[in-house]
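The report below is meant for a reader meeting this structure for the first time. Please keep the sequence and the model in view while reading.

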Amino acid sequence: MFFRKPSPTQPLNSLPCTTKSQSFSKSKETHNIIIHQWVKFTLFITLCLFLLYFMYPTTITTTTNTTNTTTTTTTTCDGSTPSFYIYNLPPRFNLDLLKNCENLNIYTNMCPYVKNNGLGQPLSKTSWYTTHQFLAEMIFHARLENHVCRTWDPNQAILFYIPFYGGLHASSMFREANHTLRDSLAVDLVDHVQSLPWWNRHNGKDHFVSLGRTAWDFMRSSSGSDFGANILLNLPPVKNMSVLTVERQPWEGENQNGIPYPSYFHPKTKEEMLTWQNKMRQNDRSFLFSFIGGKRKGLGKAKIRDELVKQCNESSLCKLVDCGGENSKCHQPMEVLSVMMQSRFCLQAPGDSFTRRSTFDSILAGCIPVFFSPHTAYTQYHWYLPKKKNMYSVYIEEGGVGEKSNMIEEVLMGIKGVEVEKMREVVIGLIPRVSYAHPNGSDVGFNDAVDVALQGLSKLVRENIEIAEI
């Protein structure tokens, strides 16, 4: 959409200039009468405005329309998002963990990433950060702290948020051989929350926690191999709560709900979001498809990656960014997004687990995701993605990928251009709801990933409470 440049107007709060040739023929007495009447009129108008201000509190609503995108801004909690109460937990469950940030992850020094409420270090572009994929729990907490629907009165709350940095704690304890020590903070948390008076209102069914790591990291099994998980999600009281996690357990996660991995863009206003969406519509996409990733040894569900690397390498229509080497560009946000922004389709293969942050990077870049497992997205993010999978994505059965050396290229080339355009428009329309807005904004003008989760939780909690009361 193009807008015609408006013609210049007089600045506000300024009067038109008068030249020396202008003069007044009024007498001094007439001039004084006019001034006196003008003062009375001004005082009258001021009094009226003053009364109107206090009789009708201001709630400003603006609506902005773009192609298939409508954004509404209100300065108050409008009822579509539920009111929620944030527990003031002892700091050992969240902020005190950050004091040991260099040891929060056995592979990475997390100190640079926990800066700015979990957004990480700022990039050169406004509202862009080097956000770590496993810090949704910190960003979620910070976003809720300033949210317009937060209530300080638990009597008014529909939901109760438990701000536990469980993912950071779990990753710091992966190598702890003593299970009692590994599980101790999770057990302490549950004991503490159960001691609070509001737990008993619905036996925890209106409580929720957000976790920045996959559900597997909190579901240690006595029968399976021990890779460092704790037992948080196995505890009976937690099964009464709603759990938000970047990857739910597809078969046993009845109370688990998938939330997006955080990408790098955290806009403060709807204008920033609309500008980015329009940029993605106008991008020239010279690659049919791309794959950003590396091979995974010893992981059955990641075997598909070998075939993706091979087919992408052999196709002149594919761009491969290999994440296997030490000098890989895969950890450079703008390099990753640049490739996706030039691609029509982005291959999303399982890795260490079923899901990957790259799915949400590709949506941010307006690139149609191509999935090879239903558990990479379809069984995970039902609050965020359309039910009709072919509206926004392509699914290729993993077993059929290796049947032909150019299987992927052939499937993607078979999709008509008009269909590709429709799918891309749906993907671009998803960008606001899978993005985490900047935590400093109380009302950013669009429903972001946190708003969508709150709305989904509200419906879910009401249903669970109604069932429990039957």
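Asn 203 counts as partly exposed because its relative accessibility is 42%; here buried means under 20% relative accessible area, exposed means over 50%, and partly exposed lies in between, with a 1.4 Å probe and protein chains only. Asn 203 is found in the loop between helix 5 (199-202) and strand 5 (207-211), where helices (H or I, at least four residues) and strands (E, at least two) are DSSP runs numbered from the N terminus. The phi angle of Asn 203 is near 55 degrees, a positive value in a residue other than glycine. Most residues other than glycine have a negative phi, and most peptide bonds are trans.

Asn 117 lies in the loop between strand 3 (84-86) and helix 2 (136-145), and with a relative accessible area of 40% Asn 117 is partly exposed.

## The model and the chain as a whole

The model is a predicted one, in which local features need pLDDT of at least 70 and side-chain atom pairs count only at pLDDT 80 or more, while totals for chains, interfaces and linings use all residues. Residues are numbered from 1 along each chain as its sequence is written, and side-chain values use heavy atoms, with hydrogens and water left out.

The secondary structure of the chain comes to 13 helices and 12 strands, and buried residues make up 49% of its 470 residues. Among contacts (heavy atoms within 4.5 Å) between residues at least 6 apart in sequence, 71% join residues at least 24 apart. The accessible surface of the chain comes to about 24,600 Å², of which 54% belongs to carbon and sulfur atoms; such areas come from the Shrake-Rupley method with a 1.4 Å probe, and for residues only the protein chains shown count as cover.

## Helix 7 against helix 12

Two packed helices are described by the angle between their axes and the distance between the axes. Helix 7 (residues 270-282) and helix 12 (residues 417-434) pack at an angle of about 160 degrees, with their axes 10 Å apart; the axes are lines fitted to C-alpha atoms, for helices over the stretch in contact, and angles run from 0 to 180 degrees between N-to-C directions. Helix 7 and helix 12 are therefore roughly antiparallel to each other, a term for angles over 145 degrees, whereas those under 35 count as roughly parallel, 65 to 115 as roughly perpendicular and the rest as oblique.

The contact is made by Met 273, Trp 276, Gln 277, Met 280 and Arg 281 of helix 7, together with Glu 425, Ile 428, Gly 429, Ile 431 and Pro 432 of helix 12. Sorted by class, this contact of helix 7 with helix 12 has six nonpolar, two polar and two charged residues; Ala, Val, Leu, Ile, Met, Phe, Trp, Tyr, Cys and Pro count as nonpolar, Asp, Glu, Lys and Arg as charged, and the others, Gly among them, as polar.

In helix 9 (residues 333-341), the buried residues are Pro 333, Val 336, Leu 337, Val 339, Met 340 and Met 341. They pack against helix 7, strand 8 (287-293), strand 9 (318-322), strand 10 (343-348) and helix 10 (358-364).

In helix 8 (residues 304-314), the buried residues are Ile 304, Arg 305, Leu 308, Val 309, Gln 311 and Cys 312. These residues of helix 8 pack against strand 8, strand 9, strand 10 and helix 11 (407-413).

## Single residues and their surroundings

Pro 82, in the loop between strand 2 (69-73) and strand 3, is buried, with a relative accessible area of 4%. Leaving aside residues up to four places away in sequence, Pro 82 touches Cys 149, Ile 158, Leu 159, Leu 454, Gln 455 and Ser 458. The C-alpha atoms of Pro 82 and Asp 451 are separated by 9.2 Å, although the two residues are 369 residues apart along the chain.

Arg 201 has its place in helix 5 and counts as partly exposed at 33% relative accessibility. Not counting residues up to four places away in sequence, Arg 201 touches Pro 154, Asn 155, Ala 157, Ile 158, Phe 160 and Asp 206.
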